Amino acid sequence: EIRNWDWSSDVCSSDLGRPPLVRFGFRPALRAGALAFAQVLKSMLVYACISSHGYGHASRTAAVLCELARLAPQCRLVLSTAVNPAFLRLAMGETPFELRECRWDIGMLQANALEVDPEGTLRALESLEEQLPAQVEEEVAWLKAQATRTFILGDVPPSAARLARPTNSPLIWLASFGWESIYGPLGDAFAPWADQALEHYRQGS
């Protein structure tokens, strides 16, 4: 995980040290790309759909959004998630953001500290699927009411894709892997959920 990346220098505060691309001399290209992206985000509303499975997704997204806010302070940051608001405030620090309390995915429910609960996860997935249409309709209406350009960031609930087309918004995924890679190996009962996740992921970049 890269934290507090200073795009204006070779310095990156990370337990891993400088990222490989920086070490091998590609920092200028990375910085140029980041600055160009920041220019695109000026005056845009960044709507981040964040997985509620643990705190890792929120932590990663917060790090990215804080850097975007530094590069493009005019952008408006909206976090849409069921993650504890106190943790979000801690992760975002002094970076201002708005919160839309929505659950976009289930992930995997835990039976205990070491084991997952497949049956409970399937029930939760079915329950969320019933709730999503109304939630999507409400959030699409809210986004349209903002009357500004919107950019959807997903880390990495597949259902974030349901917001992109109705709002005519670009969709970018922030993840090292998606839920299709978790659900896929779990057998026939999870196959439809893996397929649905992959279908949604293909709608973004």
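First, some ground rules. The model is predicted: local features need pLDDT of at least 70, side-chain atom pairs count only at pLDDT 80 or more, and totals for chains, interfaces and linings use all residues. Residues are numbered from 1 along each chain as its sequence is written, and side-chain values use heavy atoms, with hydrogens and water left out.

I will start with the cavity. A search of the whole structure turns up one cavity of 30 Å³ or more. By cavity I mean a set of points, on a 1 Å grid over the protein atoms alone, where a 1.4 Å probe fits but cannot get out. The largest cavity holds about 160 Å³ of space, where a volume is the space filled by probe spheres set on the points, and grid points are joined across faces, edges and corners. Its lining has 16 residues, and Trp104, Asp105, Leu125, Pro158 and Gln196 lie nearest the centre. Lining residues have an atom within 4 Å of a point. Helices here are DSSP runs of H or I, at least four residues, and strands are runs of E, at least two, numbered from the N terminus. By class, the lining has ten nonpolar, three polar and three charged residues. Ala, Val, Leu, Ile, Met, Phe, Trp, Tyr, Cys and Pro count as nonpolar, Asp, Glu, Lys and Arg as charged, and the others, Gly among them, as polar.

Next, Ser169. This residue sits in the loop between α6 (161–167) and β7 (171–173). Is Ser169 buried or exposed? Ser169 counts as buried because its relative accessibility is 10%; buried means under 20% relative accessible area, exposed over 50%, and partly exposed in between, with a 1.4 Å probe and protein chains only. Beyond its neighbours within four places in sequence, Ser169 is in contact (heavy atoms within 4.5 Å) with Thr150, Ile152 and Ala164.

Now Ala91, in helix α4 (residues 85–92). Ala91 is partly exposed, at a relative accessible area of 27%. Between Ala91 and Ser59 there are 32 residues in sequence but 6.1 Å in space, C-alpha to C-alpha. With neighbours within four places set aside, Ala91 touches Ala62 and Cys66 as contacts.

Last, the cysteines. How many disulfides does a search of the whole structure find? It finds zero, a disulfide being a pair of cysteine sulfur atoms within 2.5 Å. For Cys49, the closest cysteine sulfur is in Cys102, 7.6 Å away, so too far for a bond. Cys49 is also buried, at 1% relative accessibility.

Note on methods
On a 1 Å grid over the protein atoms alone, a cavity is a set of points where a 1.4 Å probe fits but cannot get out, and a pocket is an open set with protein on both sides within 12 Å along at least five of seven lines; lining residues have an atom within 4 Å of a point.
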